[in-house]
Amino acid sequence: MEQKKKTGGNQTAQRQRKRRITLDEYKERYLQVPRITNRKPVFISEELRNRLDRLVRYHGERGMSASGFVENLLRLHLDTLERNFEAWRKL
């Protein structure tokens, strides 16, 4: 007999994560040239940097860079999970 997993409130979040987005949605979220002041270095592997460079060169607009992509990605991630971080901090 197969047992069903309990997902509770996470089911909606899981569906949203699995939904495919269009290229236009992806560009709107991640490939907009961000305004970055007071830049600081962050180190990543050469392999990952090369992959990011290819993605940005192919799909990004003029002026977009791997650093800009990382900036956008991390801002979205932190904004999306901000409530979780606050709740975890209080544990």
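**Aromatic pairs in a helical chain**

From the N terminus on, the elements of the chain run α-α-α-α-α. This is a predicted model, where local features need pLDDT of at least 70, side-chain atom pairs count only at pLDDT 80 or more, and totals for chains, interfaces and linings use all residues. Residues are numbered from 1 along each chain as its sequence is written, and side-chain values use heavy atoms, leaving out hydrogens and water.

Biologist: How many aromatic pairs does a search of the whole structure find?

Modeller: Rings of Phe, Tyr and Trp (its six-membered ring) pair if their centres lie within 6.5 Å. Planes under 30 degrees apart count as stacked, over 60 as edge-to-face and the rest as tilted. Searching the whole structure gives a count of 4.

Biologist: What kind of pair do the rings of tyrosine 30 and phenylalanine 69 make?

Modeller: Their centres are 6.2 Å apart. Their planes meet at 50°, so the pair is tilted.

Biologist: Which helices hold tyrosine 30 and phenylalanine 69?

Modeller: Helices are DSSP runs (H or I, at least four residues), numbered from the N terminus. This pair links distant parts of the chain, 39 residues apart. Tyrosine 30 is in helix α2 and phenylalanine 69 is in helix α4.

Biologist: Is tryptophan 88 buried or exposed, or something in between?

Modeller: Buried means under 20% relative accessible area, exposed over 50%, and partly exposed in between (1.4 Å probe, protein chains only). Tryptophan 88 has a relative accessible area of 49%, so this residue is partly exposed.

Biologist: Which residues form one aromatic cluster?

Modeller: Tyrosine 30 and phenylalanine 69, both buried, belong to this cluster. With one further tyrosine, the members are Tyr26, Tyr30 and Phe69.

Methods:
Helices (H or I, at least four residues) and strands (E, at least two) are DSSP runs, numbered from the N terminus.
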